[in-house]
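Here is a short briefing to read with the model open beside you. Take it one topic at a time and follow along in the viewer.

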Amino acid sequence: MAAPLLEVQDLTVRFRTDDGWMTAVNRVSLAVGEGEALGIVGESGSGKSVTALSILRLHAAPTTRMPTGRIMYGGRDLLTVPSRDMRAIRGREIAMIFQDPMSSLNPVLTIADQIGETLRLHQGLDQATARKRAIDLLDLVRIPDAARRVDEYPHRLSGGMRQRVMIAIAIACRPKLLIADEPTTALDVTIQAQILDLLRDLQRELGMSVILITHDMGVIAEFARRVMVMYAGRVVETAPVGELFRRPVHPYTDGLLAAIPKLDVDVRRLPTIPGSIPDPTAMIPGCRYGPRCPQVQEACRREAPELVPAGPQREARCPPRVAAMRANL
């Protein structure tokens, strides 16, 4: 098998708080192959975005500690490369689409200036050439009348158009890996579908690998080939997307799938997962999902489960369910 484009190994990320160091991501491992679409799903606070920001080393150093783990890309550990080299990788080889385009775009710069900044920094283009390339990129992300829109300010564009501008900035240098952090949040259903179609077409056209971060299982089903489920800073299940939807292993995955709205179900009576995601500083013996799990056993309360094989290309952090699945194979 070919080596993965990106491989994260046992990444742990801690943040400084008034009460000491808090673990936000705990021994997370993942791999993304050439041209692959990996989905990362989980509730808010599960560690999805922290993992993504760690790949690009975008956390504030004084308040962040990464004591263990490796992020291997191109034969180098991104956690140890010099800052100058990391700045060259960001945007040119690994790019990211952030959650809120209105706060990510600069309100006092035109779209041409903001796309052009990436092109001038990484490709050395002059202002006129960068502006022409910006128009081409707006055409590529399907913004109509691109030659006029390129001189607009962000507040003059709709939410869907602003998200397309963010995508244009991200793909300006044709990166090998695109990280999309909740790219359809706050967009209506029609625009969500258009953005996902656009990302899928761009991935195919540019040959990019994509990590798609979302809390929406429907988005995962539409876009990803493989999915990683996170809960309370840990990976609780990984699987090909079709297998995950057909036979989820971890009870948390069960809960996420059950909460997807269905046409024949009264939306006022959708199943919910009781309780809430635990405080990262809370000391919970055993499985961190145990207090919310409808299938918790005494052994789950005593010892934190490890991520173990649960079938071909599958892993899960739930020994009782893994054992049951193996027995039925």
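Strand β3 (residues 37–41) and strand β8 (residues 209–214) run parallel and are joined by 5 bridges. Keep in mind as you look around that this is a predicted model.

**The open sheet**

- Across from A37 you will find V210 of β8.
- Both β3 and β8 belong to an open sheet of 8 strands, in which the order is β6-β7-β8-β3-β9-β10-β12-β11 and the pairing is mixed.
- At the edges of this sheet are β6 and β11 (308–311), each of which pairs on one side only.
- On average, and with direction ignored, neighbouring strands of the sheet are turned by 25° against each other.
- M228 has its place in strand β9, and it counts as buried because its relative accessibility is 2%, where the cut-off is under 20%.
- From M228 to I169 is 59 residues in sequence, and the distance in space between their C-alpha atoms is 26 Å.

**The β1–β2 hairpin**

- Strand β1 (residues 6–17) pairs with β2 in the antiparallel sense, over 9 bridges.
- To get from β1 to β2, the chain passes through a hairpin of 2 connecting residues.
- One bridge to look for brings F15 together with its partner M22 in β2.

**Helix α1**

- Most of helix α1 (residues 48–55) is covered, with 7 of its 8 residues buried.
- K48, S49, V50, T51, A52, S54 and I55 are the buried residues of α1.
- After α1 comes R57, which has a positive phi, near 55°.

- How many aromatic pairs does a search of the whole structure find? The search finds 3.
- One of them is made by Y231 and Y252, a tilted pair with 4.7 Å from centre to centre and 55° between the planes.
- This pair links distant parts of the chain, since Y231 sits in strand β9 (residues 226–231) and Y252 in helix α11 (residues 251–258), 21 residues apart.
- Is Y231 buried or exposed? Y231 counts as buried, because its relative accessibility is 2%.
- Y252 also counts as buried, at 0% relative accessibility.
- Y231 has a further ring partner in Y289: the planes stand at 85° and the centres lie 5.1 Å apart, so this pair is edge-to-face.
- Here too, distant parts of the chain are linked, with Y231 in strand β9 and Y289 in the loop between α11 and α12 (298–302), 58 residues apart.
- The relative accessibility of Y289 is 3%, so Y289 counts as buried.
- Taken together, Y231, Y252 and Y289 form one aromatic cluster.

**The largest pocket**

- The volume of the largest pocket is about 600 Å³.
- Its lining is made of 21 residues, and those closest to the pocket centre are G91, M96, F98, T118 and I169.
- At least two lining residues come from each of β6 (94–97), α4 (111–123) and α7 (159–171).
- Which element gives the largest share of this lining? That is α4, with 5 residues.
- By class, the lining of the largest pocket has 12 nonpolar, 6 polar and 3 charged residues.

**The second largest pocket**

- The second largest pocket has a volume of about 470 Å³.
- Around the second largest pocket are 27 lining residues, and N26, A232, R234, P280 and R288 lie nearest its centre.
- Both β2 (20–32) and β10 (234–240) supply at least two residues of this lining.
- β2, the hairpin partner of β1, gives the largest share here, 4 residues.
- The lining of the second largest pocket divides into 15 nonpolar, 7 polar and 5 charged residues.

Definitions and conventions: Residues are numbered from 1 along each chain as its sequence is written. This is a predicted model: local features need pLDDT of at least 70, side-chain atom pairs count only at pLDDT 80 or more; totals for chains, interfaces and linings use all residues. Side-chain values use heavy atoms; hydrogens and water are left out. Rings of Phe, Tyr and Trp (its six-membered ring) pair if their centres lie within 6.5 Å; planes under 30 degrees apart count as stacked, over 60 as edge-to-face and the rest as tilted. Buried means under 20% relative accessible area, exposed over 50%, partly exposed in between (1.4 Å probe, protein chains only). On a 1 Å grid over the protein atoms alone, a cavity is a set of points where a 1.4 Å probe fits but cannot get out, and a pocket is an open set with protein on both sides within 12 Å along at least five of seven lines; lining residues have an atom within 4 Å of a point. Grid points are joined across faces, edges and corners, and a volume is the space filled by probe spheres set on the points. Ala, Val, Leu, Ile, Met, Phe, Trp, Tyr, Cys and Pro count as nonpolar, Asp, Glu, Lys and Arg as charged, and the others, Gly among them, as polar. Two strands pair if DSSP finds at least two bridges between them. Axes are lines fitted to C-alpha atoms, for helices over the stretch in contact, and angles run from 0 to 180 degrees between N-to-C directions.
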